[in-house]
Every structure is written in C-alpha cells, then in structure tokens.
Amino acid sequence: MQRIACDERPDWRDRAEEVGFDFHTIDGAPYWDESAYYGFTLEQIERDIEAPTAELDGMCRELVARAVDDERMLRVLHIPERFWTYIAASWKRSDPSLYGRFDLRYDGQGPAKLLEYNADTPTAVFETGVFQWLWLEQAIARNVVPQGSDQYNSLHEQLIAGWKEVAQGRRLHLTAMTDVAEDAGTVRYLEDCARQAGLTTTVLAVEEIGRQPNGSFVDLDNTPIELMFKLYPWEWMMREAFGTSLPGAPVQWVEPPWKAILSNKGILPLLWAMFPRHPNLLPAYFEDDDAKATLGRSYVRKPLYSREGGNIEMVVDGTAVDADTGPYGAEGFVWQGLAPLPQFSGNYTVVGSWIAADKACGLSIREDASPITKNTSRFLPHAIIA
C-alpha cells in the first residue's frame, strides 16, 4: 500500500458535474481528491481486506442472532424496548440487507483492524462504485497508473444484483433528507442502480412520507409504500413521532430493522467479548465496564450512536489529543483500544471496505489532516498495481 502523487485531470470537475457528482467540493474545499491515488497489490486486497471483510460480516450476523434472543445485549445497546420484538421478527424472517461499509485501520502490513461498521446508512457509494472507476479508466489511458492496473471494485454491479434480490420486481420508494447534497446524491445513485435492476422507483423527502389512520405509510400520491430504502438512521426513526407506527406498518425497509443492532458502536465490545483476540478486532469495552482499565491510558472514546466522527475523543497517555463536537453521547460510550490511523504524506488514512448483496466487493479511501475521519475528509481513488 502506497500513496502515489499524480496529475489531476484538468476537467475532472466538469466530468463530475456531468455524471451528477455535485458534492465533489464541500465548503470550498475538495472532497474528491485525485492529486494522488493509493496503490495496492492483489495479495493485500485479497488477503488483508476482502477475506477479513467477509469474515467480519459473518461475525456481525452471529452477533445479531444472539442479540435478538438476549435482552441484556439489547439493553446495553440502548435500543428502545418497544422495538425488540420488531427487530427480532425482522431477523428471523431473514429480511435482506443491501449494503454496508466496514471502516478499517490498515497500512499495507499486518491484519486490518475494525474501527467501526457503517451498517445502516453508509454514504460514499457513488464515488466508490462509479467515479473512482471512471478515474481508473482514464488514468490507464493517460499512463497515470501502470498499464494493466485494476481496481477492487464491483460495488456498482453488486448493488444492481442486490436490488433484484431485495425487491423481486416490486415498486421501490427511496427517502432521505434531500436538502443535504451528499444524501440526495447517494439516493439518486441508488435509485439509478434500482432502475438498472428493472425497478419502478419514487424518491421523496423524509418529511413527505404520509401516514394513514391504520398506521400504513404512503407517498405524496397516497400510493401505499411497500418497499422503502431509507437513508435515515434507525435510531432516529425509532424516536420520531411516526416511530410507534413502524412495527405495524406493512413496509419492508432497506436497511432492515435488524441493522439497528449493528449500526451501534456497542457492537465493538460485544464482538470483542464473542471473539476475543480476533486479529481483525481491537479490544473494546463499555464505559461502565471496569475491564476498560486494561486499555491503559490510551484509547478512543466513542458514543454508542455517532455519525461522521461526532463526539469521538482520542486519548493518548491520559491526554485528549483530538476530539470532534456533536450532539451524540446521551446513551453512553464505549472505549476502544487505540490504533492510530497510518499516515501517508502527512495524511491520516482510513480504508472503507464495502459489502453489497452479501459479498465483499469494493474499497474506498478517505484521508484527513486530523486522525478522526469526518464528513469533510477527502476521498482518494485507488488502483491494484501489482
């Protein structure tokens, strides 16, 4: 794994706009960054990223299988009790998942370490599945990367395959906070994948979803919603006014209710307890667990519910060296063993490993001047060059 400086395409912004990638710049600073790319060997991809991702997915599913029958686990995750049966039923009827992203600490050597699992509402799908692939094709043509270079990236194809399996030809509704550029762009892309899978689709903002007296949900035309993709976290949905209608509504959700278990950083200590000393896990404990003292004076403190680095604190030798603000933390925190992100050319780098349609299938790279990855952290393409 190496960070390789390269020339940008002079017209990359125009090309981004042409394909609908209109959030390539955030607050005047580049989000998409092709002034460098990350080079990998095929062995690094297959041995250190693809195989562990598949194994981590299996471990997470084993955790869900235990949790739905274990009140103690659901309670420490602070999942509202009125949704326990709803979540268990979703798991036991095998409601399908479309996709997820594991964020890993990896420097090209040694086992990748799980930092967290974006199981419910991961973004960065378009830039992973489409725009970095377009970059690779043009980088080969421009001799920016070696001839014969490849990319670990079948995310686009897997999303299309996933929609065929999930929807079975039914109409699909998709919702998000459409006034947020990244969320709107993500939903547009996932809608496009669904259309390529042969589905009829409707996109609407979260606030445009209607509710009938019988508890069912409808769109702006009063068409009943039977299958809904939501780029809106389960923990938020459960606390909305319409949350009480969720268990009784005849809606299949993507991601399914059982993902509410995995979209919680409380899975980090639970996984560590289930698979102690697993090479792809970091030691982790709930904050009220005295065993957290085994981490010593260096650790990362994370809220059970947190997005885009919010309220995460990094402590080294007893001193907070980095922290990000946010609205999270009321439900509690976990402590995770410190595994500082590797630095390449002064940038802290995190690897995102994707799973879609139950298959490990893609890679995204984010980097930042700060060791805590945020929503403004830059996205860089990658290539398999050896």
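Predicted model: local features only at pLDDT ≥ 70, side-chain atom pairs only at ≥ 80, totals over all residues.
Q: Is C193 buried or exposed?
A: Buried means under 20% relative accessible area, exposed over 50%, and partly exposed in between, with a 1.4 Å probe and protein chains only. C193 has 0% relative accessibility and counts as buried, and C361 is buried with a relative accessible area of 1%.

Q: At what angle do helix α5 and helix α7 pack?
A: Axes are lines fitted to C-alpha atoms, for helices over the stretch in contact, and angles run from 0 to 180 degrees between N-to-C directions. Helix α5 (residues 125-141) and helix α7 (residues 181-196) have axes 9 Å apart and pack at an angle of about 55°.

Q: Which residues make the contact?
A: Contact means heavy atoms within 4.5 Å; here α5 contributes V125, F126, E127, G129 and V130, while α7 contributes E182, T186, Y189 and L190.

Q: What do the numbering and the confidence limits rest on?
A: Residues are numbered from 1 along each chain as its sequence is written, and side-chain values use heavy atoms, with hydrogens and water left out. Local features need pLDDT of at least 70, and side-chain atom pairs count only at pLDDT 80 or more, whereas totals for chains, interfaces and linings use all residues.

Definitions and conventions:
Helix = DSSP H or I, 4+ residues; strand = E, 2+ residues; numbered from the N terminus.
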